[in-house]
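Please have a look at the model first.

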Amino acid sequence: MPTTGARFERAVSIMAKLRGPGGCPWDREQTFDSIKPYTLEEAYEVLEAIDNRDWDELPGELGDLLLQVLFYSQMAQEDSRFSIDDVLDRLSNKLVHRHPHVFGDVTAETSADVLRNWETIKAEEKKKRLEAGGGKTAQPQNPDSVLAGVSSAMPALLEAHKLSSRAAHVGFDWPEIGGLFDKLKEETEELKAELRDLPVSRGTGVPPVQAGQSPASLLGSVRTGETPVPREISEQSRHRLEEELGDMFFVLVNIARYLSLDPESALKKTNRKFKRRFQWVEDRLREQARAPQNATIEELEELWQKSKQQEH
(Lines give C-alpha, C1' and ligand atoms only; values in the text may rest on other atoms or scores of the structure.)
Protein backbone atom coordinates (compact mmCIF):
# COMPACT_ATOMS: atom_id res chain seq x y z
CA MET A 1 0.00 0.00 0.00
CA PRO A 2 1.62 3.30 -1.08
CA THR A 3 2.09 5.98 1.53
CA THR A 4 0.46 9.40 1.41
CA GLY A 5 3.82 10.86 0.41
CA ALA A 6 4.20 8.37 -2.45
CA ARG A 7 0.70 9.20 -3.69
CA PHE A 8 1.52 12.91 -3.61
CA GLU A 9 4.81 12.36 -5.45
CA ARG A 10 2.93 10.42 -8.14
CA ALA A 11 0.49 13.32 -8.67
CA VAL A 12 3.41 15.77 -8.90
CA SER A 13 5.21 13.59 -11.45
CA ILE A 14 2.06 13.17 -13.56
CA MET A 15 1.64 16.96 -13.68
CA ALA A 16 5.29 17.35 -14.72
CA LYS A 17 4.85 14.79 -17.50
CA LEU A 18 1.69 16.50 -18.80
CA ARG A 19 3.62 19.77 -19.06
CA GLY A 20 6.83 18.19 -20.36
CA PRO A 21 8.02 17.23 -23.86
CA GLY A 22 5.58 14.81 -25.43
CA GLY A 23 2.96 15.72 -22.85
CA CYS A 24 -0.57 17.05 -23.31
CA PRO A 25 -0.82 19.92 -25.86
CA TRP A 26 -3.58 21.62 -23.87
CA ASP A 27 -1.73 21.43 -20.55
CA ARG A 28 1.48 22.71 -22.18
CA GLU A 29 -0.33 25.76 -23.56
CA GLN A 30 -1.75 26.91 -20.22
CA THR A 31 -0.47 29.93 -18.30
CA PHE A 32 -1.08 31.35 -14.83
CA ASP A 33 -3.76 33.62 -16.26
CA SER A 34 -5.48 31.01 -18.42
CA ILE A 35 -6.16 28.59 -15.55
CA LYS A 36 -7.32 31.20 -13.02
CA PRO A 37 -10.99 30.76 -14.01
CA TYR A 38 -10.69 27.00 -13.46
CA THR A 39 -9.30 27.57 -9.98
CA LEU A 40 -12.35 29.60 -9.01
CA GLU A 41 -14.69 27.11 -10.66
CA GLU A 42 -13.13 24.15 -8.86
CA ALA A 43 -13.33 25.93 -5.50
CA TYR A 44 -17.06 26.52 -5.96
CA GLU A 45 -17.60 22.89 -6.98
CA VAL A 46 -15.96 21.83 -3.72
CA LEU A 47 -18.38 24.08 -1.84
CA GLU A 48 -21.34 22.69 -3.74
CA ALA A 49 -20.35 19.10 -2.93
CA ILE A 50 -20.10 20.05 0.76
CA ASP A 51 -23.48 21.81 0.69
CA ASN A 52 -25.03 18.72 -0.92
CA ARG A 53 -23.26 16.45 1.60
CA ASP A 54 -22.08 14.50 -1.44
CA TRP A 55 -19.25 12.65 0.27
CA ASP A 56 -18.73 10.35 -2.72
CA GLU A 57 -18.14 13.34 -5.02
CA LEU A 58 -16.15 15.51 -2.61
CA PRO A 59 -12.82 13.60 -2.89
CA GLY A 60 -12.90 14.10 -6.65
CA GLU A 61 -13.68 17.80 -6.32
CA LEU A 62 -10.90 18.25 -3.76
CA GLY A 63 -8.56 16.47 -6.17
CA ASP A 64 -9.54 18.90 -8.91
CA LEU A 65 -8.77 21.79 -6.56
CA LEU A 66 -5.41 20.25 -5.62
CA LEU A 67 -4.66 19.95 -9.32
CA GLN A 68 -4.73 23.75 -9.53
CA VAL A 69 -2.00 23.96 -6.88
CA LEU A 70 0.11 21.38 -8.72
CA PHE A 71 -0.47 23.21 -12.02
CA TYR A 72 0.67 26.59 -10.68
CA SER A 73 3.65 25.04 -8.92
CA GLN A 74 4.79 23.14 -12.02
CA MET A 75 4.60 26.27 -14.18
CA ALA A 76 6.52 28.23 -11.55
CA GLN A 77 9.22 25.55 -11.41
CA GLU A 78 9.59 25.69 -15.18
CA ASP A 79 10.24 29.44 -14.83
CA SER A 80 12.67 28.82 -11.94
CA ARG A 81 10.45 30.82 -9.58
CA PHE A 82 9.48 28.23 -6.97
CA SER A 83 8.44 24.58 -6.72
CA ILE A 84 5.83 22.49 -4.97
CA ASP A 85 8.46 21.89 -2.24
CA ASP A 86 8.47 25.63 -1.51
CA VAL A 87 4.68 25.62 -1.34
CA LEU A 88 4.68 22.74 1.15
CA ASP A 89 7.48 24.27 3.24
CA ARG A 90 5.65 27.61 3.40
CA LEU A 91 2.45 25.87 4.44
CA SER A 92 4.03 23.71 7.15
CA ASN A 93 6.08 26.57 8.59
CA LYS A 94 3.04 28.86 8.61
CA LEU A 95 0.88 26.29 10.38
CA VAL A 96 3.47 25.78 13.09
CA HIS A 97 4.18 29.49 13.51
CA ARG A 98 0.53 30.48 13.66
CA HIS A 99 -0.36 27.81 16.21
CA PRO A 100 1.97 28.60 19.12
CA HIS A 101 -0.71 27.28 21.48
CA VAL A 102 -0.12 23.84 19.92
CA PHE A 103 3.56 23.90 18.93
CA GLY A 104 4.79 26.50 21.46
CA ASP A 105 4.14 27.79 24.94
CA VAL A 106 1.30 30.23 24.21
CA THR A 107 -2.06 29.61 25.89
CA ALA A 108 -5.35 29.75 23.98
CA GLU A 109 -8.38 28.38 25.80
CA THR A 110 -11.07 29.38 23.30
CA SER A 111 -11.52 29.86 19.56
CA ALA A 112 -11.68 33.62 20.19
CA ASP A 113 -8.23 33.45 21.83
CA VAL A 114 -6.90 31.56 18.81
CA LEU A 115 -8.27 34.15 16.38
CA ARG A 116 -6.79 37.04 18.34
CA ASN A 117 -3.40 35.34 18.41
CA TRP A 118 -3.73 34.55 14.71
CA GLU A 119 -4.38 38.17 13.75
CA THR A 120 -1.49 39.40 15.91
CA ILE A 121 0.91 36.91 14.35
CA LYS A 122 -0.27 37.76 10.81
CA ALA A 123 0.27 41.46 11.49
CA GLU A 124 3.81 40.77 12.73
CA GLU A 125 4.56 38.64 9.67
CA LYS A 126 3.30 41.37 7.34
CA LYS A 127 5.38 44.02 9.09
CA LYS A 128 8.53 41.91 8.71
CA ARG A 129 7.82 41.33 5.01
CA LEU A 130 7.39 45.04 4.42
CA GLU A 131 10.57 45.87 6.31
CA ALA A 132 12.42 43.30 4.23
CA GLY A 133 10.92 44.69 1.04
CA GLY A 134 9.16 41.42 0.30
CA GLY A 135 6.18 41.07 -1.99
CA LYS A 136 5.51 42.76 -5.31
CA THR A 137 1.77 43.21 -4.91
CA ALA A 138 0.31 46.65 -4.28
CA GLN A 139 0.58 47.50 -0.60
CA PRO A 140 -2.42 48.90 1.28
CA GLN A 141 -2.45 52.59 2.05
CA ASN A 142 -2.26 51.80 5.75
CA PRO A 143 -0.22 48.60 6.22
CA ASP A 144 -0.68 48.78 10.01
CA SER A 145 -4.47 48.65 9.71
CA VAL A 146 -6.29 45.60 11.05
CA LEU A 147 -8.01 45.52 7.65
CA ALA A 148 -4.74 45.29 5.73
CA GLY A 149 -4.41 42.05 3.84
CA VAL A 150 -8.11 41.61 3.07
CA SER A 151 -7.95 41.20 -0.69
CA SER A 152 -10.35 43.26 -2.78
CA ALA A 153 -10.12 40.55 -5.47
CA MET A 154 -12.23 38.09 -3.51
CA PRO A 155 -16.04 37.86 -3.92
CA ALA A 156 -17.78 40.88 -2.38
CA LEU A 157 -19.72 38.88 0.22
CA LEU A 158 -16.56 37.17 1.43
CA GLU A 159 -14.65 40.46 1.48
CA ALA A 160 -17.41 42.10 3.55
CA HIS A 161 -17.40 39.15 5.95
CA LYS A 162 -13.63 39.36 6.42
CA LEU A 163 -13.61 43.15 6.84
CA SER A 164 -16.35 43.10 9.46
CA SER A 165 -14.73 40.13 11.24
CA ARG A 166 -11.39 41.94 11.45
CA ALA A 167 -13.10 45.02 12.88
CA ALA A 168 -15.09 42.91 15.34
CA HIS A 169 -11.90 41.29 16.65
CA VAL A 170 -10.75 44.69 17.95
CA GLY A 171 -14.12 45.50 19.50
CA PHE A 172 -15.83 47.39 16.67
CA ASP A 173 -19.06 45.40 16.67
CA TRP A 174 -22.70 45.52 17.73
CA PRO A 175 -23.14 44.41 21.36
CA GLU A 176 -26.16 42.28 20.40
CA ILE A 177 -27.89 41.18 17.19
CA GLY A 178 -30.92 43.42 17.77
CA GLY A 179 -28.81 46.42 16.82
CA LEU A 180 -28.11 44.84 13.46
CA PHE A 181 -31.80 44.41 12.70
CA ASP A 182 -32.36 48.05 13.66
CA LYS A 183 -29.55 49.01 11.30
CA LEU A 184 -31.05 46.88 8.52
CA LYS A 185 -34.38 48.66 8.97
CA GLU A 186 -32.60 52.02 8.86
CA GLU A 187 -30.76 51.15 5.64
CA THR A 188 -33.98 49.79 4.09
CA GLU A 189 -35.78 53.06 4.81
CA GLU A 190 -32.91 55.04 3.29
CA LEU A 191 -33.09 52.99 0.08
CA LYS A 192 -36.88 53.44 -0.08
CA ALA A 193 -36.40 57.18 0.41
CA GLU A 194 -34.03 57.27 -2.58
CA LEU A 195 -36.59 55.36 -4.65
CA ARG A 196 -39.35 57.81 -3.72
CA ASP A 197 -37.22 60.66 -5.01
CA LEU A 198 -36.77 59.12 -8.45
CA PRO A 199 -38.64 60.64 -11.41
CA VAL A 200 -41.55 58.86 -13.11
CA SER A 201 -40.33 56.23 -15.56
CA ARG A 202 -40.82 57.52 -19.08
CA GLY A 203 -42.99 55.33 -21.26
CA THR A 204 -44.20 53.03 -18.50
CA GLY A 205 -46.58 55.25 -16.58
CA VAL A 206 -45.31 53.68 -13.38
CA PRO A 207 -45.25 56.21 -10.53
CA PRO A 208 -42.41 56.58 -8.06
CA VAL A 209 -42.34 54.17 -5.13
CA GLN A 210 -44.58 55.30 -2.28
CA ALA A 211 -44.10 54.70 1.41
CA GLY A 212 -45.82 51.49 2.48
CA GLN A 213 -46.00 50.07 -1.03
CA SER A 214 -46.26 46.27 -1.14
CA PRO A 215 -43.28 44.19 -2.30
CA ALA A 216 -45.35 42.85 -5.22
CA SER A 217 -45.77 46.37 -6.61
CA LEU A 218 -42.00 46.76 -6.70
CA LEU A 219 -41.66 43.75 -9.01
CA GLY A 220 -43.36 45.44 -11.94
CA SER A 221 -45.09 43.38 -14.60
CA VAL A 222 -43.39 40.08 -15.36
CA ARG A 223 -45.45 39.81 -18.55
CA THR A 224 -44.44 43.17 -20.03
CA GLY A 225 -41.09 43.63 -18.35
CA GLU A 226 -42.08 47.03 -16.93
CA THR A 227 -40.17 48.27 -13.93
CA PRO A 228 -40.95 51.05 -11.42
CA VAL A 229 -37.35 52.27 -11.63
CA PRO A 230 -36.38 54.09 -14.85
CA ARG A 231 -33.50 52.51 -16.70
CA GLU A 232 -32.23 55.93 -17.74
CA ILE A 233 -31.70 57.70 -14.43
CA SER A 234 -28.95 60.15 -13.66
CA GLU A 235 -25.52 58.85 -12.72
CA GLN A 236 -25.89 60.58 -9.36
CA SER A 237 -29.19 58.80 -8.62
CA ARG A 238 -27.75 55.47 -9.68
CA HIS A 239 -24.74 56.03 -7.43
CA ARG A 240 -26.97 56.80 -4.43
CA LEU A 241 -29.13 53.71 -5.06
CA GLU A 242 -26.03 51.56 -5.38
CA GLU A 243 -24.59 52.98 -2.17
CA GLU A 244 -27.76 52.35 -0.17
CA LEU A 245 -28.12 48.85 -1.58
CA GLY A 246 -24.49 48.14 -0.71
CA ASP A 247 -25.12 49.29 2.86
CA MET A 248 -28.01 46.82 3.13
CA PHE A 249 -25.82 43.99 1.85
CA PHE A 250 -23.11 44.87 4.37
CA VAL A 251 -25.57 44.75 7.28
CA LEU A 252 -26.89 41.38 6.08
CA VAL A 253 -23.33 40.05 5.94
CA ASN A 254 -22.83 41.23 9.52
CA ILE A 255 -25.99 39.39 10.57
CA ALA A 256 -24.59 36.24 8.96
CA ARG A 257 -21.29 36.73 10.78
CA TYR A 258 -23.09 37.27 14.06
CA LEU A 259 -24.90 33.95 13.52
CA SER A 260 -21.63 32.20 12.52
CA LEU A 261 -23.04 31.58 9.04
CA ASP A 262 -21.29 31.90 5.70
CA PRO A 263 -23.20 34.51 3.63
CA GLU A 264 -21.81 33.18 0.35
CA SER A 265 -22.99 29.66 1.13
CA ALA A 266 -26.37 30.93 2.35
CA LEU A 267 -26.95 32.87 -0.86
CA LYS A 268 -25.78 29.95 -2.99
CA LYS A 269 -28.34 27.70 -1.31
CA THR A 270 -31.09 30.27 -1.87
CA ASN A 271 -30.05 30.56 -5.52
CA ARG A 272 -30.40 26.80 -5.94
CA LYS A 273 -33.74 26.84 -4.10
CA PHE A 274 -35.05 29.62 -6.34
CA LYS A 275 -33.87 27.77 -9.46
CA ARG A 276 -35.51 24.54 -8.33
CA ARG A 277 -38.83 26.19 -7.51
CA PHE A 278 -38.98 28.36 -10.62
CA GLN A 279 -38.22 25.39 -12.84
CA TRP A 280 -41.10 23.56 -11.13
CA VAL A 281 -43.35 26.49 -12.11
CA GLU A 282 -42.06 26.29 -15.69
CA ASP A 283 -42.77 22.55 -15.79
CA ARG A 284 -46.37 23.05 -14.65
CA LEU A 285 -46.90 25.74 -17.30
CA ARG A 286 -45.26 23.56 -19.93
CA GLU A 287 -47.83 20.87 -19.16
CA GLN A 288 -50.41 23.45 -20.28
CA ALA A 289 -48.38 24.29 -23.41
CA ARG A 290 -47.59 27.69 -21.90
CA ALA A 291 -44.51 29.67 -20.85
CA PRO A 292 -43.92 32.08 -17.93
CA GLN A 293 -44.10 35.11 -20.20
CA ASN A 294 -47.64 34.07 -21.18
CA ALA A 295 -48.87 33.86 -17.58
CA THR A 296 -50.07 36.65 -15.32
CA ILE A 297 -48.21 37.58 -12.17
CA GLU A 298 -51.15 36.18 -10.18
CA GLU A 299 -50.84 32.81 -11.94
CA LEU A 300 -47.08 32.76 -11.42
CA GLU A 301 -47.46 33.61 -7.74
CA GLU A 302 -50.06 30.85 -7.26
CA LEU A 303 -47.78 28.28 -8.87
CA TRP A 304 -44.84 29.60 -6.85
CA GLN A 305 -46.72 29.00 -3.61
CA LYS A 306 -47.60 25.48 -4.79
CA SER A 307 -43.93 24.79 -5.58
CA LYS A 308 -43.07 25.71 -1.99
CA GLN A 309 -45.84 23.50 -0.61
CA GLN A 310 -44.85 20.45 -2.66
CA GLU A 311 -41.29 20.70 -1.30
CA HIS A 312 -42.58 20.42 2.24
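Val-146, Leu-147, Val-170 and Phe-172 make a nonpolar surface patch of about 400 Å². In such a patch, residues have over 30% relative accessible area and no salt bridge, and nonpolar side chains are joined within 5 Å. This is a predicted model, where local features need pLDDT of at least 70 and side-chain atom pairs count only at pLDDT 80 or more, while totals for chains, interfaces and linings use all residues. Residues are numbered from 1 along each chain as its sequence is written, and side-chain values use heavy atoms, leaving out hydrogens and water.

Val-170 sits in the loop between helix H8 (156-169) and helix H9 (177-196), and its relative accessible area of 55% makes it exposed (over 50%; buried is under 20%, with a 1.4 Å probe and protein chains only). Also just after H8, Gly-171 has a positive phi of about 100°.

Now step back into H8. Its 14 residues reach 20 Å from first C-alpha to last, close to the 20 Å expected at 1.5 Å a residue. Buried residues of H8 include Leu-157, Ala-160, Ser-164 and Arg-166. The buried residues of this helix pack against helix H7 (111-131), helix H10 (235-258) and helix H11 (263-287), with contact meaning heavy atoms within 4.5 Å.

Finally, the whole protein: there are twelve helices and zero strands, counted as DSSP runs (H or I, at least four residues, for helices; E, at least two, for strands). Of its 312 residues, 24% count as buried.

Definitions and conventions
Patches are made of residues with over 30% relative accessible area and no salt bridge: like charges are joined within 9 Å, nonpolar side chains (Val, Leu, Ile, Met, Phe, Trp, Tyr) within 5 Å. Accessible areas come from the Shrake-Rupley method with a 1.4 Å probe; for residues, only the protein chains shown count as cover. A salt bridge is a side-chain nitrogen of Lys or Arg within 4 Å of a carboxyl oxygen of Asp or Glu. The expected span of a helix is 1.5 Å times one less than its number of residues.
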